[in-house]
Amino acid sequence: MSRVWKLAAVLSVLAAGPALAEFELSVYTGVQTSPHSVVKGNDPSGIGDFDFTAGWEGKSLSMPPYYGIRGTWWRSATVGFGLEFNHAKVYADKDTLKDNDLETLEFTDGLNILTVNAFRRFPSEDRRWTPYIGGGVGISIPHVEFESTGEDTFNYQYGGPAVQWVAGVKYPLTETWSMFGEYKGTYSRNDVDLEGGGNLETNIVTNALNLGVSFNF
């Protein structure tokens, strides 16, 4: 975790230097899903040891909605670095809850992903739209909601390391405003504590189609 923050600090210093060409602030929302993942751990005050495969639902437009905020320092016409906060979320489906004697299993005030990113864009004088790709490394900070027959867990925790990958297209609206569409994926390890001395582990992948706007200055 400390390495991620050190890298973020280095990038911030570089971005403040005289070589800075452009800063871009982006916000987005979209439709986000997540494939099944193995959930294991121990709930000593409730169901005891558990090890099962959870089906996840994204419910992107339900409150709180899925969204993200990204800042990118473009160091040249093609290469940029930055920071991003992605408020993804997952809910265990009804069959998962029923089959494992659970009332609630979700990360819905955020399977929050914070990353340090690098981007490559591909401008051309022959077209107005600009494709780009990117990736990042960081951490997950999930809001853990777990209810069984024992004590309830309802809090933010450090989950573990995370990565993201992105591919999209940006289209300018004015000299300073643009819109974009993209595919975004994340992978996060989440090893969290449960009330009553238990723990839960699961590795979650998300896939999202995003639509957003950017402001450049």
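The following conversation concerns a predicted model of one protein chain.

Me: What kind of model is this, and how are residues numbered?
Reply: It is a predicted model, in which local features need pLDDT of at least 70, side-chain atom pairs count only at pLDDT 80 or more, and totals for chains, interfaces and linings use all residues. Residues are numbered from 1 along each chain as its sequence is written, and side-chain values use heavy atoms, with hydrogens and water left out.

Me: How many helices and strands does the protein chain have?
Reply: There are two helices and 12 strands. Both are DSSP runs numbered from the N terminus: helices are H or I with at least four residues, strands are E with at least two. The order from the N terminus is α-β-β-β-β-β-β-α-β-β-β-β-β-β.

Me: What box do the C-alpha atoms fill?
Reply: Along the principal axes, the box is roughly 60 × 30 × 20 Å. The accessible surface of the chain comes to about 10,700 Å², and carbon and sulfur atoms account for 60% of that surface. Such areas come from the Shrake-Rupley method with a 1.4 Å probe; for residues, only the protein chains shown count as cover.

Me: What percentage of the residues count as buried?
Reply: Of the 217 residues, 47% do. Buried means under 20% relative accessible area, exposed means over 50%, and partly exposed lies in between (1.4 Å probe, protein chains only).

Me: Among contacts between residues at least 6 apart in sequence, what percentage join residues at least 24 apart?
Reply: The value is 67%, where a contact means heavy atoms within 4.5 Å.

Me: Turning to salt bridges, how many are there?
Reply: The count comes to six. The criterion is a side-chain nitrogen of Lys or Arg within 4 Å of a carboxyl oxygen of Asp or Glu.

Me: Which residue does Glu24 pair with?
Reply: Glu24 forms a salt bridge with Lys170, and their closest N and O atoms are 2.7 Å apart. Glu24 belongs to strand β1 (residues 22-33) and Lys170 to strand β10 (residues 160-172), so the pair ties together parts 146 residues apart in sequence.

Me: Are those two buried or exposed?
Reply: Glu24 counts as buried because its relative accessibility is 6%. Lys170, at 16%, also counts as buried.

Me: And which residue does Arg70 bridge to?
Reply: Arg70 forms a salt bridge with Glu84, with the closest N and O atoms 2.9 Å apart. Since Arg70 lies in strand β5 (residues 67-74) and Glu84 in strand β6 (residues 79-92), the pair ties together parts that are 14 residues apart in sequence. Arg70 is buried at 4% relative accessibility, and Glu84 is buried with a relative accessible area of 1%.

Me: Where does Lys184 come in?
Reply: The side chains of Glu84 and Lys184 meet in a salt bridge at 3.0 Å, N to O. This pair links distant parts of the chain, with Glu84 in strand β6 and Lys184 in strand β11 (residues 177-194), 100 residues apart. Salt bridges that share partners join Arg70, Glu84, Glu182 and Lys184 into one network.

Me: What about the charges overall: how far apart are their mean positions?
Reply: The mean positions of the 16 positive and 26 negative charges are 14 Å apart. Lys and Arg count as positive and Asp and Glu as negative, without His and the chain ends; each charge is placed at NZ of Lys, CZ of Arg, CG of Asp or CD of Glu.

Me: Which residues form the negative surface patch?
Reply: The patch is formed by Glu103, Glu147, Glu151, Asp152, Asp191, Asp193, Glu195 and Glu201. Patch residues have over 30% relative accessible area and no salt bridge; like charges are joined within 9 Å, and nonpolar side chains (Val, Leu, Ile, Met, Phe, Trp, Tyr) within 5 Å. Asp152 is located in the loop between β8 (130-147) and β9 (153-156) and is partly exposed at 42% relative accessibility.

Me: New topic: which peptide bond is cis?
Reply: A cis peptide bond joins Met63 and Pro64, with omega about -5 degrees. Pro64 is in the loop between β4 (56-57) and β5.

Me: What is phi for Lys59 and for Asp101?
Reply: Lys59 has a positive phi of about 45 degrees, while phi of Asp101 is near 55 degrees. Most residues other than glycine have a negative phi, and most peptide bonds are trans. Lys59 is in the loop between β4 and β5, whereas Asp101 is in the loop between α2 (94-99) and β7 (104-121).
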